[in-house]
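Please keep the coordinates open while reading.

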Amino acid sequence: MIKTKIGYALAGVSKFGEFCLEQYAEIDGLKPVAVWNRTPEKAAALAAKYRLRHHESLEALVADPEVQLVHVATIPALHAAHATVALRAGKHVLCEKPLATRSADAEAILALAEERQVQLGINFVMRYSPLWQPVEALVRERLLGAPLRAEVVNCAGDSGLPADHWFWDENQSGGIFIEHGVHFFDLIASWLGEGGIVTGADRLRRPGTSAIEQVSCNVRYGAETSAGFYHGFHQFDCLDRQQVRLIFERGELVLSGWVARKFELRAALPVAECDRVKALFPAAEITRFSDASGPSHHRGRDEMIDEALQLSWCDPRDGQKLYATAIRDLVTDFVTTIRDPAHVPRVCARDGLAALRQAGQAHEISKKTNP
């Protein structure tokens, strides 16, 4: 039996919104229906390009009987308000990150979604990297021992962010931690558990301007794990890069890419853990970096080493194609949840709230450090 396609509407027209529209049009079970934007001319142009309806107001969009799912892709300061309009109309909502610029507003839309018995999702696309699941298993099964430290370095290109862009206005964006950092707070929490104490949060302005272009902080995860987060918007586009390093008792893992497409793992392990790690990364190139074997001492105890291995792999797809695949996988997961509320998606709105709370703490501390 063929299921009726879910009618999809885009609220917020931008290059990113159009990119999403293109990807979602390829998803089985989803049918793009309509668009809306605060600038009606932009909505009309995009609607004409993709042969969709455009609406003059958000209220008209959510009143469209063919629309079941609204993708909120407006500026961060408006996410909660626009999600509220759609949720009150009984529509499912996929919200761009962050859910809101304040935790209280995010909590309110989560409560409203539960009240109206509709689904609220968030676009945390990093969890849909082909490397997310094997890394999650690596950490959960403690194959490299306890995780001790995570380090996030995000050096972003800023050619698309002129001085008058809303990104630099914290009243509209929430600031870098909230607008952008939530992605990485969520990613690390998805592996290490929800973060606790935030320390050392700081922010730096671009010389000669009021624009905050760099932020950093540290977060504690349990009794023995910490993480450092750095975000800077100051690079040539060709130098845009992201790296996540996870340091364990028995080695380390380095992931590269916005949606991670490359990894390198070095570890000294007993034979059982070696076999399991190889199984998690079956396409990896494997080399020995040391002849060390037998009992070895670290952290006050002796442990067996059977192999000291280096594994490396890179997804053959370029970053844009990988990102497109991840976006489609995320929405397919969300659509499955709409059809079957018992389905447990890889990421949900409560993850968005947890990341926002962490980001909000970092933002407030950084303002005190560097007003």
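In this predicted model, strand β15 (residues 294–298) and strand β16 (residues 301–305) pair in the antiparallel sense, joined by five bridges. Within that pairing, P295 stands opposite M304 in β16. The two strands form a hairpin with two residues between them, and R299 there takes a positive phi near 50°.

T287 stands opposite Q310 in β17.

Helix α6 (residues 132–140) is largely enclosed by the rest of the structure, because seven of its nine residues are buried; the cut-off applied here is a relative accessible area under 20%. The buried residues are W132, P134, V135, E136, A137, L138 and V139. What do these buried residues pack against? Their partners are the strands β7 (147–157), β11 (241–248), β12 (251–256) and β13 (262–269), together with the helices α8 (176–192) and α9 (271–280). After α6 comes R142, with a positive phi near 50°.

The largest pocket holds about 1900 Å³ of space. Its lining comprises 49 residues, of which K15, F16, L161, E179 and Y323 lie nearest the centre. Two or more lining residues come from each of α1 (15–24), α2 (40–50), α4 (76–88), β7, α8 and α10 (319–339). The largest share, five residues, is that of α1. By class, this lining has 18 nonpolar, 19 polar and 12 charged residues.

The second largest pocket has a volume of about 340 Å³. It is lined by 22 residues, and Q119, L120, C348, A349 and R350 are those nearest its centre. At least two lining residues are supplied by each of α5 (103–116), β6 (120–122), α10 and α11 (349–369), with α10 giving the most, four residues. The classes here are 15 nonpolar, four polar and three charged residues.

How many cavities of 30 Å³ or more are found? The count comes to two. About 110 Å³ of space lies in the largest cavity, and among its 15 lining residues L187, W191, G257, W258 and A260 are closest to the centre. Both α8 and β11 give two or more residues to this lining, which divides into 11 nonpolar, four polar and no charged residues. The second largest cavity has a volume of about 40 Å³. Its lining consists of F167, W168, E170, G175, I176 and I212, of which four are nonpolar, one is polar and one is charged.

Technical notes
Residues are numbered from 1 along each chain as its sequence is written. This is a predicted model: local features need pLDDT of at least 70, side-chain atom pairs count only at pLDDT 80 or more; totals for chains, interfaces and linings use all residues. Side-chain values use heavy atoms; hydrogens and water are left out. Buried means under 20% relative accessible area, exposed over 50%, partly exposed in between (1.4 Å probe, protein chains only). Contact means heavy atoms within 4.5 Å. Two strands pair if DSSP finds at least two bridges between them. On a 1 Å grid over the protein atoms alone, a cavity is a set of points where a 1.4 Å probe fits but cannot get out, and a pocket is an open set with protein on both sides within 12 Å along at least five of seven lines; lining residues have an atom within 4 Å of a point. Grid points are joined across faces, edges and corners, and a volume is the space filled by probe spheres set on the points. Ala, Val, Leu, Ile, Met, Phe, Trp, Tyr, Cys and Pro count as nonpolar, Asp, Glu, Lys and Arg as charged, and the others, Gly among them, as polar.
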